[in-house]
Amino acid sequence: MREDAFKLTNEEKIDIIKDDVQHILETLGLDLTDDSLKGTPNRVAKMFVKELFGGLNPDRKPSASTFENKYQYGEMLVEKNITVYSTCEHHLLPIVGKAHVAYISNGTVVGLSKMNRIVDYYAKRPQVQERLTIQIVKELQDVLNTKDVACVIDAKHLCVNSRGIRDTESSTITSEFGGKFKDKETKREFLDYIKMDTSF
């Protein structure tokens with residue numbers, strides 16, 4: 001991020017992006033007086049600032065309160081099938097998939113929904129999947145004060161699926177293993193858990 005990234009307010013950013021989107025659409029030859037299109041520049045600008053790229057704003061970073069592990073749970077905790085909606089920074093097309101996150105407590109635990117919120121926060125920015133995977137692990141390591149965190153993401157990239165090679169069947173898997181998850185047996189246990197069928 002540039003040092004002046006937050007010099008403008010969200011509304012100022014929306015006004016600038018709205019004009020830029022309008023210019024792109026007009027350059028493509030679209031008639032922006034059409035009822036269906038006339039609101040598109042504003043809708044896209046608001047979506048960029050407040051939704052798709054909201055994770056660029058540190059004010060939106062989720063607070064992750066931790067709690068003492070009073071019940072002495074000593075095995076890994078796995079939160080799987082966390083929905084990932086992100087945007088490829090190369091073509092600004094969607095990345096859609098699932099994240100599977102795990103940690104082993106060293107005395108503290110974090111609320112389950114906070115794991116989902118951390119994934120969503122880092123996903124809501126122009127991304128590459130490798131970086132996203134690492135950011136999720138590093139954030140949870142900081143929050144939980146342990147290296148024993150792992151993340152696997154399996155996602156489809158529309159820059160591959162809908163353009164270029166247009167391979168609709170391929171997906172991309174990335175992983176990051178910290179601390180005990182680098183051990184072969186612990187890693188295997190985690191990977192076995194995320195294969196389990198959880199249809200209810």
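**Reading helices and a recorded site**

Modeller: Helix 3 passes helix 4 in a right-handed crossing. A crossing is right-handed if the near helix is turned clockwise from the far one by less than a right angle, and left-handed if anticlockwise. Please note that this is a predicted model, in which local features need pLDDT of at least 70 and side-chain atom pairs count only at pLDDT 80 or more, while totals for chains, interfaces and linings use all residues. Residues are numbered from 1 along each chain as its sequence is written, and side-chain values use heavy atoms, with hydrogens and water left out.

Biologist: At what angle do the axes of helix 3 and helix 4 cross?

Modeller: Two packed helices are described by the angle between their axes and the distance between the axes. Here the axes of helix 3 (residues 112–123) and helix 4 (residues 129–144) come within 10 Å and cross at roughly 140 degrees. Axes are lines fitted to C-alpha atoms, for helices over the stretch in contact, and angles run from 0 to 180 degrees between N-to-C directions. The two helices are therefore oblique to each other; angles under 35 degrees count as roughly parallel, over 145 as roughly antiparallel, 65 to 115 as roughly perpendicular and the rest as oblique.

Biologist: Which residues in helix 3 and helix 4 meet?

Modeller: Contact means heavy atoms within 4.5 Å. On helix 3, M115, I118, V119, Y122 and A123 meet L132, Q135, I136, E139 and L140 of helix 4. Eight of the residues in this contact are nonpolar, one is polar and one is charged.

Biologist: How are helices and strands defined, and how many does the protein chain have?

Modeller: They are DSSP runs numbered from the N terminus: helices are H or I of at least four residues, and strands are E of at least two. The protein chain has six helices and seven strands.

Biologist: Where does UniProt place the feature "binding site"?

Modeller: The unreviewed UniProt entry places it at C88, H91 and C159; such annotations may be inferred rather than shown by experiment. These residues span 72 residues in sequence, yet no two of their C-alpha atoms are more than 7.4 Å apart, so they gather at one spot.

Biologist: Is C88 buried or exposed?

Modeller: Buried means under 20% relative accessible area, exposed over 50%, and partly exposed in between (1.4 Å probe, protein chains only). C88, found in strand 2 (residues 76–88), is buried, with a relative accessible area of 4%. H91 is partly exposed, at 40%.

Note on methods: Ala, Val, Leu, Ile, Met, Phe, Trp, Tyr, Cys and Pro count as nonpolar, Asp, Glu, Lys and Arg as charged, and the others, Gly among them, as polar.
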